[in-house]
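User: Could you walk me through how to read a few features of a fold? I'd like the general idea and then the case at hand.

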Amino acid sequence: MNSTDAEIAKPFVQAAKHVLSTMAMLDPTPGKPYVKKNNSAAGDVSAIVGLTGDKRGSISLSFTKKCAVAIVKNMLGDDVGDIMQDAKDAVGEITNMISGQARAGLAQMGLSMQASTPTIIFGDNHTISHVTSGPVIAIPFTSPQGDFTVEFCFD
């Protein structure tokens, strides 16, 4: 991972920490970013957003089931209906917010991008297909409520 990747990772780390602490009462701790070698998802529920503009690429978030359930309960309280449907909706919403904040951070670095609606994928051993041929940078996060991973890649 080069210094450009590290600089580009910062808005994603800041956005994930801010959105998950304010919206879902999580206190995530980022781990060391790394270049991902396969397309296996790091969690049980994932959302991916395509990006276009100055660069083409995608952002994804993968949550462990434990983390996704904690997010739903913290966002909806006791108003949880169908936990899987609510988890898919919550993960999509969180991913949208993180994507928006990360893109605002990237815009300050001179990269303007628009995002698509998140696609939600879930199930054991699912894969994530990023739309670019560039390296996929993964940032693992831990929290007392469960773990998640933010991934991004650009052409």
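Here is a short walk through strands, aromatic rings and helix packing.

User: What should I know about the model before we start?
Analyst: It's a predicted model, where local features need pLDDT of at least 70, side-chain atom pairs count only at pLDDT 80 or more, and totals for chains, interfaces and linings use all residues. Residues are numbered from 1 along each chain as its sequence is written, and side-chain values use heavy atoms, with hydrogens and water left out.

User: Which strands does S7 pair with?
Analyst: First the terms: strands (E, at least two residues) and helices (H or I, at least four) are DSSP runs numbered from the N terminus, and two strands pair if DSSP finds at least two bridges between them. S7 runs antiparallel to S1 (residues 29-30), with two bridges, and Thr29 sits opposite Thr142 of S7. With S2 (residues 34-36), S7 has three bridges, also antiparallel; there Lys36 faces Val136. S8 (residues 148-154) joins S7 through five antiparallel bridges, with Phe141 partnered by Phe148. S7 and S8 make a hairpin with five residues between them, and Gly146 in that turn has a positive phi of about 130°.

User: Is S7 enclosed or open to the outside, then?
Analyst: Buried means under 20% relative accessible area, exposed over 50%, and partly exposed in between (1.4 Å probe, protein chains only). Five of the seven residues of S7 (residues 136-142) are buried, so S7 is largely enclosed by the rest of the structure.

User: How do I read an aromatic pair?
Analyst: You describe it by the distance of the ring centres and the angle of the planes. Rings of Phe, Tyr and Trp (its six-membered ring) pair if their centres lie within 6.5 Å; planes under 30 degrees apart are stacked, over 60 edge-to-face, the rest tilted. There are four such pairs in this structure. One of them, Phe152 with Phe154, is tilted, at 5.8 Å centre to centre and 45° between the planes. Phe152 is buried at 2% relative accessibility, and Phe154 is buried at 10%. Together with Phe12, these two form one aromatic cluster.

User: And two packed helices?
Analyst: The angle between their axes and the distance between the axes describe them. Axes are lines fitted to C-alpha atoms, for helices over the stretch in contact (heavy atoms within 4.5 Å), and angles run from 0 to 180 degrees between N-to-C directions. Here the axes of H2 (residues 65-76) and H3 (residues 83-108) come within 9 Å and cross at roughly 85°. That makes H2 roughly perpendicular to H3 (under 35 degrees is roughly parallel, over 145 roughly antiparallel, 65 to 115 roughly perpendicular, the rest oblique).
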